[in-house]
Amino acid sequence: MKYSKVLLVEPDFFDVVDCRNPRMNPSILVDKKLAQKQWDGLVNIYKKLTILGDLDEVVLLGPDPRFIDLVFCANAGLTWKDGNNKKAFMSSMRHVLRRGETPYIKRFLIDEGYQIVDCNNGFFEGTGDCIWQPSRDVLFCGHGYRTNMHGLKYFKECIKNESFTVIDLELCDPRFYHLDTCFMPVNQETVLIYHRAFTSDAFIKITKHFKNVELIDEKEALNFALNGHIIRTLPRRKDVCIIQKGNTQTEKILRREKIRVINCDLGEFNKSGGSVFCMKLEFN
């Protein structure tokens with residue numbers, strides 16, 4: 001699945017006030033000015049890629065003081081295109097603090113002409129747990145910590161007439177609570193993963209769908225190496241990956257696979273357990 005546009009939400013009210021994943025520690029304060037500077041830097045990267053023709057549009061959505069995690073807008077839903085029809089499956093967040101984010105993003109997608117389906121059973125956390133295999137109609141869905149089997153089953157029922165296949169992958173390390181923290185497909189044949197984040201059954205499924213499975217070490221995985229955002233621009237230009245700085249092993253593999261690499265620093269947002277991939281919602 002290819003996308004031509006990205007949505008980002010302004011971080012005015014971003015904060016860490018509790019512990020909903022092992023990365024979060026409310027005693028370590030967020031530097032609000034630095035967070036704004038880091039977010040501005042990410043926006044500038046996307047805007048430059050738009051100028052270069054790698055993206056068609058970057059949309060910035062205003063914040064809401066009720067939702068301190070709204071900046072991680074990838075979790076609000078999953079979008080795809082079926083011919084000329086734009087469709088979205090909206091999330092049902094596990095944590096009460098985040099549940100208001102979904103209707104906020106839903107209104108935006110409705111205005112963009114999307115046909116909407118809501119998750120009315122279980123938990124489902126959108127693009128945080130749903131990642132496409134490039135150049136194939138295969139969607140990998142993580143579950144275990146945020147998305148659960150009830151939500152995943154409901155999603156499968158709702159999309160049973162769609163043209164893509166869903167492969168579920170069970171997560172088993174709470175530090176990697178979303179699929180987008182430990183799984184990054186580079187192309188149709190190659191995927192980068194932190195393998196200890198997956199059950200043995202999930203790992204077998206991954207090896208069946210990718211010829212090359214690259215194992216990223218724990219240090220880089222914890223530095224959000226696999227939460228980079230690969231923008232699919234081929235055949236116009238080489239694909240490009242925006243990635244948290246300091247991940248030399250991952251960058252080496254990406255460059256070997258002919259991916260352009262752009263470093264960024266999202267250290268303040270890392271305090272909440274997210275990085276680049278979490279902070280954008282792709283749409284068309």
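Biologist: Which residues is leucine 179 in contact with, leaving aside its neighbours within four places in sequence?

Modeller: Contact means heavy atoms within 4.5 Å. By that rule, leucine 179 is in contact with Gly128, Asp129, Ile131, Phe140, Cys141, Gly142, Leu169, Leu171 and Phe198. This is a predicted model, where local features need pLDDT of at least 70, side-chain atom pairs count only at pLDDT 80 or more, and totals for chains, interfaces and linings use all residues. Residues are numbered from 1 along each chain as its sequence is written, and side-chain values use heavy atoms, with hydrogens and water left out.

Biologist: Which other core lies apart, and how many residues has it?

Modeller: In soluble globular proteins, nonpolar side chains tend to be buried together. A nonpolar core is a set of buried Ala, Val, Leu, Ile, Met, Phe, Trp, Tyr and Cys residues joined through side-chain atoms within 4.5 Å. Buried means under 20% relative accessible area, exposed over 50%, partly exposed in between (1.4 Å probe, protein chains only). The other core has 26 residues, among them Leu8, Val240, Cys264 and Met279.

Biologist: Which members of the largest nonpolar core touch the most other members?

Modeller: Phe140, Leu169, Leu179, Phe183, Phe198, Ile206 and Leu254, out of 32 residues. Among the elements giving two or more residues are strand E7 (138–143), helix H4 (200–209) and helix H6 (248–256). E10 gives the most, with 3 residues. Helices (H or I, at least four residues) and strands (E, at least two) are DSSP runs, numbered from the N terminus.

Biologist: What is the secondary structure, and how much is buried?

Modeller: The protein has 7 helices and 15 strands. Of its 284 residues, 57% count as buried.
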